[in-house]
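Here are my notes for your first look at this model. Keep the structure open beside them and check each point as you read.

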Amino acid sequence: MNQRIRAFAIPLVLLLLIIVVPQLLGKFYVALLNDIGIAALVVLGLVLVSGIGGALSFGQAAFVGIAAYTTAWLTTSQALSPWMGLPLALLFTCGSAWILGGLTMRLGGHYLALSTIAWGLAVPIVFANSPALGSHSGIDGIPPIQIGPWVLDQSRSVFTLIWLIVFCGGWFAYNLLRSRTGRSVRAVRGGKVLLASFGADAFRVRLMLFVVASFYAGTAGWLYAHTNRFVSAAPFSLHASIDYVFMMVVGGMTQLGGALLGSALYIGLNSQLQDLLAAITSRGAQVNSLIFALLFLLILERAPGGIGRPLARLLSRMQPRAKPPALLSSSSKLVHRIMPAKGSQVLSVDNAVKRFGGLVAVNEVSFDIRAGEIVGLIGPNGAGKSTMFNLLTGTLPLSEGTVRFLDAPITRLSQREIALRGVARTFQHVKLRPAMTLLENVALGAHARGHCGLWRGGLRLDREEEARIMAEAMRQLARVGLADRAYELAGSLPLGTQRLLEIARALAADPVLIMLDEPAAGLRLLEKQALARLLDTLRSEGVTVLIVEHDMEFVMSLVDRLVVMNFGSKISEGKPEEVRADPNVQAAYLGSEA
Ligand code: ADP
Ligand code: MG
């Protein structure tokens with residue numbers, strides 16, 4: 001009930017504020033707040049793509065400019081209404097972001113930042129040199145936005161529209177980050193191997209973010225054009241893009257609220273400084289830049305998370321951590337995969353070879369796994385076990401040989417496609433998102449079992465599916481014994497427990513075959529026993545397990561069969577007692593341990 005009231009009270013208060021505030025403040029401050037709102041919209045998008053998505057963009061002002069110029073041209077030369085200008089401006093902006101992002105998002109490292117710099121430089125040059133766009137003098141006489149009888153030609157009247165859009169933009173982004181798509185957004189910095197392991201595509205996630213950010217920038221550009229009623233190239237220069245990055249960093253890169261804070265601080269301070277400096281020096285602009293540069297360094301040094309972070313921490317301390325939506329009854333569960341019949345062939349590896357330059361890490365290895373079996377893959381360090389895992393999951397391409405899964409070849413499939421067919425895995429070097437809760441990390445695993453995308457997530461039309469995903473994540477967390485810590489951050493767990501969490505994430509995918517790379521490493525005896533019991537339960541449920549492990553005692557008592565590798569080759573295979581008795585194995589592995 002309490003939550004209901006809050007859910008209505010907050011938007012109501014905000015609505016009241018954006019109606020009342022412009023009546024209380026002087027015209028100058030209202031105009032300043034309008035500038036802040038428009039900038040905050042751009043920075044909201046930037047927080048999504050750069051702060052959270054990790055793809056630093058120096059091209060946001062160019063996107064603002066494309067939208068502003070599009071609507072300016074359409075509403076002056078073509079005499080269209082601003083309401084026709086909006087969709088066309090957004091189409092142009094998002095279209096150009098889609099093309100630019102499509103070309104550059106695959107390039108790793110700094111290439112994206114560099115290409116957005118080139119973009120940010122080039123676009124304003126085009127504006128300033130296109131006679132149709134008014135060249136250097138720009139386009140003036142842009143009509144104001146009109147809503148029914150209201151003409152928004154005063155800063156007071158347009159204020160409400162701007163801030164309504166800012167709050168809608170914030171609400172959308174907030175919802176998005178708490179949705180299925182949003183979880184993959186927040187995980188995207190974990191890398192494409194992590195994302196593919198639960199069936200998501202890091203490239204598509206980044207491209208989507210880039211387009212979404214350009215959508216925010218485009219909306220801001222439309223508002224800018226019809227608020228100022230004049231556009232020229234200068235406000236969309238690379239310099240302006242850098243200012244947006246500055247606002248994001250100052251506000252707190254990963255916080256939506258930081259977008260508001262950063263743009264308010266930057267624009268507010270800038271306006272105050274300009275007046276002050278104009279009174280005392282003739283080189284106001286230079287001194288202003290200098291002051292901002294120093295301020296930037298100071299903030300990076302003293303508060304690297306931005307000034308929004310301590311504030312956010314304070315807020316979260318005042319407010320208990322949000323509990324998930326009410327978990328639905330057991331009747332509405334996620335769809336469960338049909339498991340293959342016990343004993344039928346699940347995985348078949350035929351003469352797998354992997355060469356790294358001259359090194360043969362996997363050398364003509366063949367083995368089969370049948371449904372409902374636990375198979376151990378063992379061998380000394382450097383034997384090629386992890387490489388074998390990477391070949392089976394599509395993380396690395398095979399040099400030679402074939403792999404079949406459920407009677408279909410998967411040799412050439414991508415990691416993501418293999419994951420979608422029902423192969424889940426954990427990693428030898430744990431890949432978790434430390435700033436997400438245990439529950440959210442596990443919910444990532446169920447990604448491919450949901451369907452709600454960007455729009456349904458952002459508009460909160462995904463609640464039913466979300467509840468199912470969360471219920472499933474909770475069920476898997478309970479299975480590995482971590483249900484009572486569901487709302488803690490994954491980063492706070494000891495390493496051994498993080499491995500258990502990865503197992504829960506893999507299980508949330510409802511896999512046919514689950515592959516575990518050294519799951520018992522770092523676990524205490526009791527935890528190992530619990531893990532063994534869990535794997536035993538999985539086997540009885542028809543899940544097939546392939547496990548790489550160092551702890552011989554653990555493996556021997558658990559598995560149905562062992563495959564032993566040494567120096568890339570398979571040297572033995574069979575039941576635990578057969579393998580233990582095999583002189584080859586004793587020589588290569590057990591002997592060296594004894
Ligand atoms: P294990 O998991 O059995 O300890 P790995 O599969 O990690 O062994 O490694 C097998 C061999 O392949 C090692 O000699 C390792 O150095 C080499 N290797 C693994 N990955 C790569 C890579 N990406 N590039 C080059 N060599 C690699
Ligand atoms: Mg390994």
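1. Sort the shell around ligand 1 by class: five residues are nonpolar, five are polar and one is charged. Here Ala, Val, Leu, Ile, Met, Phe, Trp, Tyr, Cys and Pro count as nonpolar, Asp, Glu, Lys and Arg as charged, and the others, Gly among them, as polar.

2. A word on the source. This is a predicted model, in which local features need pLDDT of at least 70 and side-chain atom pairs need 80 or more, while totals for chains, interfaces and linings use all residues. Residues are numbered from 1 along each chain as its sequence is written, chains are lettered from A and ligands numbered from 1 in the order in which they are written, and side-chain values use heavy atoms, without hydrogens or water.

3. Which residues make up the shell around ligand 1? They are Phe356, Leu359, Ala361, Pro380, Asn381, Gly382, Ala383, Gly384, Lys385, Ser386 and Thr387 (a residue counts if one of its heavy atoms lies within 4 Å). Helix 14 gives the largest share, three residues. Strand 6 (359-370) and helix 14 (385-392) each supply at least two. Helices are DSSP runs of H or I with at least four residues, strands are E runs of at least two, and both are numbered from the N terminus.

4. Taken alone, ligand 1 exposes 560 Å², and the protein buries 59% of that (Shrake-Rupley method, 1.4 Å probe).

5. Two strands pair if DSSP finds at least two bridges between them.

6. Look inside the sheet. Strand 5 (residues 345-356) and strand 8 (residues 400-405) are joined by five bridges. Valine 353 partners glutamate 400, and serine 348 partners arginine 404.

7. Strand 8 meets strand 9 over two bridges. Phenylalanine 405 has alanine 408 as its partner. Two residues lie between these strands in their hairpin, where leucine 406 takes a positive phi near 50°.

8. Finally, helix 3 (residues 60-76). How many of its 17 residues are buried? The count is 15 (buried means under 20% relative accessible area, with a 1.4 Å probe and protein chains only).

Key
Buried < 20%, exposed > 50% of the residue type's maximum accessible area, 1.4 Å probe, protein only.
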